[in-house]
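Please look through the sequence and the model below, and then follow the explanation one step at a time.

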Amino acid sequence: MEDSKILDLFFERSEQAIRELDHTYGAAVKRTAGNLLRDPQDVEECVNDAYLGVWNSIPPQRPDPLVSYVCRIARNLAVSRLRSETAAKRSRGLDLVLEELEECIPAGTDVEGELEAKELTRAIDRFLGELSYPDRYLFVRRYWFADPVKEIASHTGLRENRVSVRLFRLREKLRKTLQKEGLLA
């Protein structure tokens with residue numbers, strides 16, 4: 001079913017909207033949560049919470065594209081769940097993805113850090129906008145959806161080594177871009 005028809009069902013407050021959302025995008029939402037949460041029960045709870053989040057936010061929101069919206073909610077819920085469940089010991093899967101980016105992304109937790117984070121977000125958005133579609137796809141699949149390199153390689157038809165090298169070069173390019181903009185020392 002098309003996004004517009006699913007959204008119409010949400011605006012009508014029809015429970016069919018959730019069923020159609022799950023039928024159309026359920027696999028993507030489960031994969032998004034599953035890349036961060038390894039326990040199938042946690043994934044299922046996260047997916048259900050994401051659907052509830054969509055239900056509560058539509059209306060008034062009318063997201064376009066819907067799949068990105070629901071996956072973003074699922075990802076944010078999965079990250080929150082990881083943080084709360086593993087405050088002392090972190091998930092190795094997420095750690096690996098974050099370690100790859102730690103040279104590029106400075107950390108900040110105070111008011112100044114929050115302002116820098118917003119500026120950093122805008123800089124990363126510009127960086128992504130300047131990338132070719134294939135490079136942007138690799139970057140987003142790895143660092144937003146936390147897809148394993150093996151899975152990215154399988155989807156793109158590239159060898160794992162080639163994906164790893166391109167991701168390394170993209171991280172270096174991001175690091176240089178952020179240095180040039182004064183967002184990274």
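How are H2 and H4 oriented to each other? In this predicted model, helix H2, which spans residues 16-34, packs with helix H4, residues 66-85, at an angle of about 40°, and their axes lie 9 Å apart. Angles under 35 degrees count as roughly parallel and those from 65 to 115 as roughly perpendicular, and H2 and H4 are therefore oblique to each other. The crossing in which H2 passes H4 is right-handed. On the H2 side, the residues that meet H4 are Leu21, Tyr25, Ala28, Val29, Thr32 and Ala33, while H4 contributes Leu66, Val67, Val70, Cys71, Ala74, Arg75 and Ala78. Sorted by class, this contact of H2 with H4 is made of eleven nonpolar residues, one polar residue and one charged residue.

Asp3, Ile6, Leu7, Leu9 and Phe10 are the buried residues in H1; viewed down the helix axis they fall within an arc of 155°, so they line one face of H1. Just after H1, arginine 13 adopts a positive phi of about 60°.

For the chain as a whole, the model shows nine helices and zero strands. Buried residues account for 42% of the 185 residues in the chain. Among the contacts in the chain with a separation of 6 or more, 63% come from residues 24 or more positions apart.

Conventions. Residues numbered from 1 in each chain as written. Predicted model: local features only at pLDDT ≥ 70, side-chain atom pairs only at ≥ 80, totals over all residues. Heavy atoms only, no water. Axes fitted to C-alpha atoms, helices over the stretch in contact; angles between N-to-C directions. Helix = DSSP H or I, 4+ residues; strand = E, 2+ residues; numbered from the N terminus. Parallel < 35°, antiparallel > 145°, perpendicular 65-115°, else oblique. Left-handed = near helix turned anticlockwise from the far one by under 90°. Contact = heavy atoms within 4.5 Å. Nonpolar A, V, L, I, M, F, W, Y, C, P; charged D, E, K, R; others polar. Buried < 20%, exposed > 50% of the residue type's maximum accessible area, 1.4 Å probe, protein only. Arc of directions from axis to C-beta.
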